[in-house]
Amino acid sequence: MLEVNGEVDIYTAPKLREKLVELIDAGNDRVVVDLEGVGFMDSTGLGSLVAGLKRIREKDGELAIVCTSGPVLKVLGITGLDRVFPVHDSVGSALG
Amino acid sequence: MAEERFSLRVPAAAAYVGTARIFGGAIARQAGLSEDDVDDVKLAISEACAAGVREDGDGTIGVVGERDGAILAFEIVGEDIPPPLSDDLVATPESFRRSVGYDVIRSLFPDAAILSEGDRSGRIRFAVPIDG
């Protein structure tokens with residue numbers, strides 16, 4: 001599981017991408033990204049999640065998101081990515 | 001002439017996008033917008049500024065917020081805000097990233113304008129009605 005906190009934009013998104021790649025390349029084929037601590041995310045942050053998703057799918061893995069934050073859900077909805085990622089309202093639900 | 005005008009100029013570097021976002025959010029909040037609308041303004045400014053970020057951090061990005069009557073208008077100006085992609089152009093990862101950002105801005109503010117002077121220098125404008 002990857003817990004993300006703060007704001008994810010063009011400045012911080014590369015760090016998110018790096019951490020996701022690290023986790024996936026370490027052999028994790030089921031990754032849960034917990035965005036509950038994220039108050040803001042723009043499309044550059046989504047780009048990092050999409051990069052992680054592409055990478056894990058190459059290994060037949062899964063990447064799920066935990067998110068209840070309005071602003072983050074909104075950008076996921078605008079871009080249609082809420083239909084691409086499994087979005088859960090709790091870590092328990094994502095892991096279950 | 002606008003009743004109130006606020007402006008900020010920051011380096012065209014990724015590290016300053018958050019500063020521009022906070023600036024825009026503060027103007028929106030001070031104008032009395034709902035928190036949902038403040039979030040939309042912050043997202044649009046973040047996308048617009050991200051479009052103007054240069055890898056070398058050279059140049060600047062300007063953010064202007066103007067309140068005129070019941071309208072709060074924003075303009076983001078950068079030396080490196082390219083025009084939206086034409087359908088006949090092949091997207092690079094960078095141009096595709098910007099294109100997604102422009103789509104997000106237009107989804108939030110359908111009347112948003114992305115104006116270019118030549119291939120690079122451009123400005124992004126959008127406005128929000130102020131209730132009450």
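A salt bridge is a side-chain nitrogen of Lys or Arg within 4 Å of a carboxyl oxygen of Asp or Glu. This is a predicted model, where local features need pLDDT of at least 70, side-chain atom pairs count only at pLDDT 80 or more, and totals for chains, interfaces and linings use all residues. Residues are numbered from 1 along each chain as its sequence is written, chains are lettered from A and ligands numbered from 1 in the order in which they are written, and side-chain values use heavy atoms, leaving out hydrogens and water.

**Exercise 1.** Find the residue that B:Asp40 pairs with in a salt bridge.

*Solution.* Start with the count: the rule finds three salt bridges across the interface of chain B and chain A. Now look at B:Asp40: its partner is A:Lys74, and the closest N and O atoms are 2.9 Å apart.

**Exercise 2.** Describe the contact between chain B and chain A.

*Solution.* First, count residues in contact (heavy atoms within 4.5 Å): chain B brings 19 and chain A brings 14. Next comes buried area, the accessible area (1.4 Å probe) that two parts lose on being put together, summed over both. Here that's about 1300 Å², with 66% from carbon and sulfur atoms.
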